Amino acid sequence: MNRIVMMVLRNWYYVPFKWIKLCWYAAHADKYTDYEHNLLLRDIVYHANKGGRVTIKVTGQEYVPQKNGFMYFPNHQGMYDMLAMLEASPAPFSAVAKKEIKDIPFLKQVLACLRAFLLDREDVRQAMTVISNVTKEVEKGRNYLIFAEGTRSKEGNKTQEFKSGSFKAATRAKCPIVPVALIDAFKPFDSGTIAPVTVEVHFLKPLYYDDYRDMKTKELAALVKARIDEEICQKICQKCTNKD
């Protein structure tokens with residue numbers, strides 16, 4: 001919360017105009033292209049990060065497919081994750097988010113601009129409808145992001161189980177799956193500090209349909225989690241070595 005206040009105060013001259021513009025875009029989402037929404041959101045995130053003393057370190061952008069119609073699967077650490085992905089991603093994307101955050105100011109407008117689907121985790125039928133809708137959208141060429149853990153980790157950079165159901169839309173659309181390792185994304189909003197912080201976003205080599213066509217979704221979920229865990233471990237070990 002302290003960092004959010006700092007982001008707003010250090011952008012006092014910028015916030016009113018962009019807030020009005022964001023609300024307008026959110027209320028009239030169908031009037032704007034994914035590219036136009038992406039430009040606005042990236043500009044807002046850039047100023048928020050600058051004001052909040054958050055630096056985004058990105059690697060692996062070359063692994064993001066050049067052709068649209070793929071899905072991101074990052075680990076989930078907190079409310080800041082989506083902002084990190086918006087700055088780091090070289091391509092526009094939409095998202096699947098839990099319905100509990102639909103009324104949180106700012107996130108509500110961001111999700112509207114992303115044309116996100118809101119998932120009710122207690123309603124199996126509604127969840128299946130969301131999976132079906134995401135499948136159709138990906139097949140049409142829209143990119144999507146899903147946090148396969150379902151809820152944010154409470155243990156920093158340690159990941160939780162990746163839920164197999166999160167991968168059903170990808171397997172049905174037969175689309176590329178891009179694992180994304182987020183490191184220290186919990187620090188900007190969940191650590192209580194306003195000290196400068198660096199959040200790392202590492203795009204990993206994608207899995208194409210031929211790579212996973214014979215796998216069950218449970219096996220696919222475990223594989224994506226393992227790749228992200230390996231990347232997080234490697235990068236944290238590198239930082240510890242550099243400090244020494």
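## A walk through the sheet and its cores

Start by colouring the strands (DSSP E runs of at least two residues, numbered from the N terminus): seven of them make an open sheet with mixed pairing, in the order β1-β7-β6-β2-β5-β3-β4. Here, two strands pair if DSSP finds at least two bridges between them. This is a predicted model, where local features need pLDDT of at least 70 and side-chain atom pairs count only at pLDDT 80 or more, while totals for chains, interfaces and linings use all residues. Residues are numbered from 1 along each chain as its sequence is written, and side-chain values use heavy atoms, leaving out hydrogens and water.

Next, pick the edges: β1 and β4 (117–119) each pair on one side only. Zoom in on β4, which runs parallel to β3 and is joined to β3 by three bridges. Select A97 and you'll find its bridge partner, L118, in β4.

Now show α4 (helices are DSSP H or I runs of at least four residues). α4 lies across β1, β2 (71–74), β3, β5 (144–146), β6 and β7.

Time for the nonpolar core (buried Ala, Val, Leu, Ile, Met, Phe, Trp, Tyr and Cys residues joined through side-chain atoms within 4.5 Å; buried is under 20% relative accessible area with a 1.4 Å probe, protein chains only). The largest one has 44 residues, and Y72, Y80, M85, L86, V201 and F203 have the most contacts inside it. Which helix gives the largest share of this core? α4 does, with six residues.

Click L86: beyond its neighbours within four places in sequence, its contacts (heavy atoms within 4.5 Å) are L41, R42, V45, F93, V110 and L114. Finish at a second, separate core of 27 residues, including V130, A148, I177 and Y212.

Definitions and conventions:
Buried means under 20% relative accessible area, exposed over 50%, partly exposed in between (1.4 Å probe, protein chains only). Axes are lines fitted to C-alpha atoms, for helices over the stretch in contact, and angles run from 0 to 180 degrees between N-to-C directions.
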